[in-house]
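Biologist: Before we go through the labels on this model, please show it to me. I would like each label set against its definition.

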Amino acid sequence: MKHLFKTLSTLLLLLFVHTHSFAADKITVAAAANLRYVLEELKQQYVKSHKGTQIDIVFGASGTLTQQIVNGANFDLFLAANTNFPEEVANQGFGHGKSVVYCYGKVALWSMTLNVKKGIKATLENPKVTRIAIANPKLAPYGKNAVETLQKLGLYKNIESKIVWGENINQTAHFVSTGNAQVGFVALSTILAPEMKGKQGNYYVLNNEECAPIAQAGVVIKNKNTVLAQAFLDYLLSDKAKPIWKKHGYELK
C-alpha cells in the first residue's frame, strides 16, 4: 500500500510538472486583423525552431483589442495596426516595457470587378460604384487612414452615403471579395496573401502623398509569460522575419 501511494504521488508530481511546463510555453497574442496571413506564417516558422512553444492568436480591430486588454483580457503580446493603441496600453500600466514599431503597412483600393488603376478619384466617381467598403475608423487604423485620405482629397462628403463600414479590415475585405461592395480600402497584405492567389482582382496601392505607410507597433503585456512574449516579439523584429514581412507587402525600416 505504501509503495502504491509512493507511485501515485510520483505520477501526480510528473503530471503537475508536465502540465506546468506546457502552460508556461504557451502565449496568447492579440493581433490586428490585417496581420491574419503574415502572422500565421511567422508563427509557423517560429515554432519550428522553438519546439514545445504554443502560440494562440486572436485577431480583431486594434481598438477592440485595446479595450479587451484594459478590461483584463488574458493576452501576453499586443500587435496593433498603429502606434497609438499600444502606447495607450503601456501608458495605462498594462505594458511590460515600451511599445516598438515592427512594420509599416500599406493601404490599397481594391475591386474584384472594376479597374481601379487610375486611382482613387477616377474610381470613386465611376457611376458603377454604389458601395464602398471601409473599416470602422474608430476601431481600425486602416479605416481611419482611408477616411483621412478621402477627406484630404475632398472626396469624403460626396461618397459618405455609399460607405459600408466593416468591423475590422478583414470584414472590409470580405465585403469586396464577395461583391457586397464594388470597391474597398483594405490592407495590401490581404490582397497579397497566398490564400488570395487567383482571387486578387484589381488593386491600386495608395502612394505616400495620399497615405503614408502605417507604422504598426507592439507591446508585451504584463502577464506570467513576458519572457516568451518578448522572445516572439524579438523574432518578429529579426532579420529572419524580414523576408516574410516583405512578401506580404509590408515595409521595414
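Modeller: We can start with A173, which is buried, with a relative accessible area of 5%. The place of A173 is in helix α8, residues 169–177.

Biologist: Why is A173 called buried?

Modeller: Buried means under 20% relative accessible area, exposed means over 50%, and partly exposed lies in between, with a 1.4 Å probe and protein chains only. A173 has 5%, so A173 is buried. The C-alpha atoms of A173 and P127 are separated by 21 Å, and the two are 46 residues apart along the chain.

Biologist: What kind of model is this, and how are its residues numbered?

Modeller: It is a predicted model, in which local features need pLDDT of at least 70 and side-chain atom pairs count only at pLDDT 80 or more, while totals for chains, interfaces and linings use all residues. Residues are numbered from 1 along each chain as its sequence is written, and side-chain values use heavy atoms, with hydrogens and water left out.

Biologist: What makes T83 partly exposed?

Modeller: The relative accessibility of T83 is 23%, so T83 counts as partly exposed. T83 lies in the loop between β3 (77–79) and α4 (84–91). From T83 to P141 the C-alpha distance is 9.4 Å, at 58 residues apart in sequence.

Biologist: Why are F59 and Q68 given a label too?

Modeller: F59 has a relative accessible area of 27% and is therefore partly exposed. For Q68 the value is 33%, so Q68 is partly exposed. F59 lies in strand β2, residues 54–60, and Q68 in helix α3, residues 62–70. F59 is 6.1 Å from A30, C-alpha to C-alpha, and 29 residues from A30 in sequence. Q68 and Q151 are 30 Å apart in space by the C-alpha atoms and 83 residues apart in sequence.

Biologist: What makes a run of residues a helix or a strand?

Modeller: Both are DSSP runs, numbered from the N terminus: a helix is H or I over at least four residues, a strand is E over at least two. On that basis the chain has 11 helices and 10 strands.

Biologist: How do you know that the length of helix α6 agrees with expectation?

Modeller: The expected span of a helix is 1.5 Å times one less than its number of residues. Helix α6 (residues 141–152) has 12 residues and should span 16 Å; its end C-alpha atoms are 16 Å apart, so the two agree. The buried residues of α6 include P141, Y142 and G143. Just after α6, G154 takes a positive phi of about 75 degrees.

Biologist: Why is strand β8 said to pair with β5 and β6?

Modeller: Two strands pair if DSSP finds at least two bridges between them. Strand β5 (residues 107–111) and β8 have 4 bridges, in the antiparallel sense, and V107 stands opposite A187 in β8. Strand β6 (residues 132–135) and β8 have 2 bridges, in the parallel sense, with V183 in β8 as the bridge partner of I132. Strand β8 itself (residues 183–187) is mostly covered, with 5 of its 5 residues buried.

Biologist: Which residues line the largest cavity?

Modeller: Among them are A32, N34, S62, Y142 and I169. The lining divides into 8 nonpolar, 4 polar and no charged residues.

Definitions and conventions. 1 Å grid on protein atoms, 1.4 Å probe; cavity = no way out; pocket = protein on both sides within 12 Å on 5 of 7 lines; lining within 4 Å. Nonpolar A, V, L, I, M, F, W, Y, C, P; charged D, E, K, R; others polar.
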